[in-house]
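Biologist: I'm new to this one, so please pick a single part and walk me through it slowly.

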Amino acid sequence: MVNKIKLMFFFCLISVLCSACWSSHEIDTLGISIAAGIDLTESGYAVYHQVLNPRAITGNVETVGTPVYLFTQYGDNLFSATRKIALETPRRIYNAHLRMIILGEDMARNGIKDAIDFFMRNYEFRTDFYFAVARNKTAREVLEILTPLEFTPGLNMFESLKLAQERNGLTKEVNIVELAQIILAEGYEPVLPGIDISSGTADSDSAMTTLSGGKRLFYNGLGVFCDDKLIGWLSEEETLGFNYILGNAKNSPEYVYYNETDQITFELIRLHSKISAALKDEKPSINVKISIEAIIAAMEGDLDISKMENKIIAEQLLESKIKGICQNTVKKAQHDFRCDIFGFGEVIHRKYPDLWKKLKSNWRHEFSSLPVDFEIAVELKLPGQIIKPMFRKEK
Amino acid sequence: MRISRRRIRRSGYTHSSPDQVLYKQLQDNLTRIKTDFGQSDDLVVNCFEWTANPSLSYACIYIDTLVDKDTVNHLSEELMKLKRSPEQETDNLFILMRRQFSSIRDLKTGVKFIDLYAELLSGNTVFLADGNTEYLSIPTENKDSRAIEEPSSQTVIRGPKEGFSERINTNILLVRKRIRSHHVKLENLTVGNLTRTAVSLMYIENIAKDTIVREIRRRIKEIETASILEGSYIEELIKDDKYSIFPEFLSTEKPDTVTAALLEGKVAIFVDGSPYALTAPAVFVEFLHSSEDFYHNFIVSSMVRLLRFIALFLTLLTPSAYIAITTFHQEIIPTPLLISIAAQREGVPFPTLIEAFLMETTFEVLREAGVRMPRAIGSAISIVGALVLGQAAVEAGIISAVMVIIVSMTAIYSFTVPNYEMSNAVRIIRFIFMVLAGVLGLYGVFMGLIILTLHLCKLKSIGIPYLMPLAPWIKNENKDSLLRFPLWSLKYRPFGIRGEDKRKTAQTSMKKGG
């Protein structure tokens, strides 16, 4: 009996030891891909991987080379192109820490469904990376730019995208799960942030512009997709409107003119939006309620905001400004793109499933004539650290 | 209660005829004693023979190295006076001697050689009178021993700083003076056929559970061995799970810890020659308690206790978790951390598992060296360890800096475990976990944890589950396990260990005993 137990124990031990570190990979054998890019070329896909060069990143190790290296391979499909990278580096491309996927504009215009399937299906990818479309550029151009402060361009793009949506509402973060869900949903079309390159300054010798000749990456508008194909771009103001309608721009700045010349600048501190559908004469309509809390960030002129009537004037000015922005955005989507990027169709689908069955086949057409009205409620919370206008002369 | 029946190696050292009684003739006795002790030069046999009156012949025997010379000299003088006393009711010298010394404490008589030897070897002086088959033993033991000093292995900031020393009587005194109650019972036993080591059991009547006291007494009495040199011998010979790495008796140098254990109904075991006392039954959580916990504010103590438990887990798991995560599960490291780990791993020639083994082994070697070497060169080791091995290895690119951090964290965490035996157990298990992590990743670590938990669940200390009060979960007991609740809320002594007297707050036993 005891011998049997000993024998069993022995076999357990052997089975453990014979597995011999199955699927173990030392960190220094991995090429950690921090950003990837896809372009469409004549010979199929071009796949880029921006791979970390750990030696160049931490301060205490002697700096060798750039913080990241870009590996490029071509292939008919994404997976085999990725695997081909082993032809040029001994490090195994490790995708679990991928932060950004940059799609070239050509690729985006051609359809992104195949790419999304690959990134959803492959076990090594997580779902917390963001997509961006290189605006009028190829993905390669974007991925070749080195960035200041955060030396890893992939991380730089990732963090800056998150921050920008929160701080100014001029872009939007989209991860793969959200993207796939929107593409799958009826009456909802995706948008992806556009990423652009600022032209470098002429005197590229200056110490301030050593990285990539002073070229910087920046987010520029949102790319509007119909099905899975890029069809156009939203401008800065339209992007803001889009984010107001969907309640994404929670902390963006906004300004209005008072007395033609004097600006009042607000900082939004809270924003909630609620999209609801209603039926009017058998026709669907959409109502968007946006409630905003704002504080005053700066003021010109001599409006005394401490007075109740003036406070109400300021609130109303902001309300009409935001309403205008939102209406313009909806108009653009309805008439230029005829593409329901707000998910209004989805709202109608949920509330009136039977009606939706009739609408869905011709939704792009229906959408362009869908009446949308806005109710904006602004509440001014604080006048800031000072109350009265700074330079007003007391009479 | 599980009863352990184990055969302990029989020693060959029994006396040829243990029951041999003294002879009538003084000379016969002396010859026998001299033969038995053989070449021992420190055996002193002073024979006073009176050819005129042989019945007045007597012998004084002692072992020179064990006795206090002054006391022996004093005794001899007293005997001389005895000779000179003019009127004698009886001429039986033995009776006279007994009468003369009757005021001396611990005066013993006996008839067997084996008892006589025991007396001699305890440092007593034995008198034999011609024509008598009895001996008279007078305590002359040399009481030199180390003074009561501060414990070296269990230091505290607040609380008593006395520590046990090597003399069993001193140790018992230190505990006795803390509980001035006649309910404290002491039982003396002798263990070890050759060493005849004095072992004492101490417990508080009614507070200690009868069955536990009986079980410990039985187990100690069943020990058959030649020698007992330290309490750990007792523990190893009578513990419930003889193959387990975990200590099942709490060893302590501090009398206040023993006192507290006695008051919870535990039994203390003192062994002559050892500055450690054992208390049993001991449960797992106790090994992470310090007597000091009760001398500080309960909130502070609770936090510190939690910290110790966390540190125990970290010292056990930090290296293995690092190995598992960096070689199997890089995806769960936050990206910036992964980048800095990757940067430090660049150019390190060893796999993480080997690297970890190298460094952990080096640390264990340093630690062992630190214990063994003379105290004067202690600082040399720390310089060699910290500078030469740590910094130089990192700068040479042989070891990554993260690994040095991991090893030092492990080391520092391990020192928060108050009990040395427990910290040793964790030390060894850590290496097993490292292998599991290197072979199977976190999967292996968790398998190891499950096996470890099962093992701990299986252990018993004198029949008490080792993980009590966590498993089985006993709600009230947990007031004094992971946390330390205020004294006024601790109303009951530990369940399963306590005897009839359950409450801590009122002394119910006093009603009976007076």
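Modeller: Two strands count as paired if DSSP finds at least two bridges between them, and the strands (E, at least two residues) and helices (H or I, at least four) are DSSP runs, numbered from the N terminus. Residues are numbered from 1 along each chain as its sequence is written, while chains are lettered from A and ligands numbered from 1 in the order in which they are written. Bear in mind that this is a predicted model, where local features need pLDDT of at least 70, side-chain atom pairs count only at pLDDT 80 or more, and totals for chains, interfaces and linings use all residues; side-chain values use heavy atoms, with hydrogens and water left out.

Let's look at chain B, where five strands make an open, antiparallel sheet in the order 1-2-4-5-3. Strand 1 (43-48) and strand 3 (108-110) of chain B sit at the edges with a single partner strand each, so one side of each has no neighbour in the sheet. From one strand to the next, the twist averages 20°.

Now zoom in on strand 4 (residues 125-129) and strand 5 (residues 135-138) of chain B, an antiparallel pair with four bridges. Here Thr125(B) has Ile138(B) of strand 5 as its bridge partner.

Helix 3 (residues 93-100) of chain B lies across strand 2, strand 3, strand 4 and strand 5, at about 145° to strand 4.

Technical notes:
Axes are lines fitted to C-alpha atoms, for helices over the stretch in contact, and angles run from 0 to 180 degrees between N-to-C directions. Contact means heavy atoms within 4.5 Å.
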